[in-house]
Every structure is written in C-alpha cells, then in structure tokens.
Amino acid sequence: MHGSGKLLVLPKWLLKAAGWFIPFMREAYELNYQDEFSFQFSSAKFEKAFDFTPTSYEEGIKSTSEWFLENTNT
C-alpha cells in the first residue's frame, strides 16, 4: 500500500448520515456503542441460577486440542 498511513475517525453524525446511502455505515453507526465504553462482565448470576462452573481457558484449550488431534485425519 502506498497510503500516507493517516488514521481518520468519523464523527457519529457523519456515520449516521452515510448510513442512509451505505448499509455498512449504518451497521457501523448502530454498533458504535461497543467502542465508546469498556465492558464490565460478570457471569455470577448465570452461574448461580444454573449451578454452572465455567471451564478455564487452559482446560478448554487442552480439551479442544486433544479432541481435534483424535478426530482429524492426518
């Protein structure tokens, strides 16, 4: 690419106006809220309601890798 490498951030009003003509820009405007604030997530209510214990990343990756190696034709 031979661009200048500059980054341009469109204001929300321009995203909304562009969305009238370009469907992708309409989606960008509608999903813009996801980039405005940090997400705070807790699964405590779900775990309590369904008596659920989440799998750790390490265990999930290990189990998935073992399954993949056992079930692929290599």
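Asn-32 is buried, with a relative accessible area of 17%; here buried means under 20% relative accessible area, exposed over 50%, and partly exposed in between (1.4 Å probe, protein chains only). The structure is a predicted model, in which local features need pLDDT of at least 70 and side-chain atom pairs count only at pLDDT 80 or more, while totals for chains, interfaces and linings use all residues. Residues are numbered from 1 along each chain as its sequence is written, and side-chain values use heavy atoms, with hydrogens and water left out.

Asn-32 sits in the loop between helix H2 (23–30) and helix H3 (33–36). Helices (H or I, at least four residues) and strands (E, at least two) are DSSP runs, numbered from the N terminus. Leaving aside residues up to four places away in sequence, Asn-32 touches Lys-12 and Leu-15, where contact means heavy atoms within 4.5 Å.

Between Met-25 and Leu-14, eleven residues apart in sequence, the C-alpha to C-alpha separation is 9.3 Å. On the side of helix H1 (residues 12–19), the buried residues are Leu-15, Ala-17, Ala-18 and Gly-19, and the buried residues of H1 pack against H2.

Turning to the whole chain, the protein has five helices and zero strands, giving the pattern α-α-α-α-α along the sequence. The radius of gyration is 22 Å, well over the 11 Å that the globule rule gives for 74 residues, so the protein is more spread out than a compact globule. This radius is taken over C-alpha atoms, and the globule rule is 2.2 Å times the number of residues to the power 0.38. Along the principal axes, the C-alpha atoms fill a box of roughly 50 × 40 × 25 Å. Of the 74 residues, 8% count as buried.

How far can the model be trusted, in the predictor's own terms? The mean pLDDT (the predictor's confidence in each residue, from 0 to 100) is 88, and 96% of the residues reach 70 or more. Confidence is lowest in H3, at a mean of 82, and highest in helix H5 (residues 57–71), at 95.
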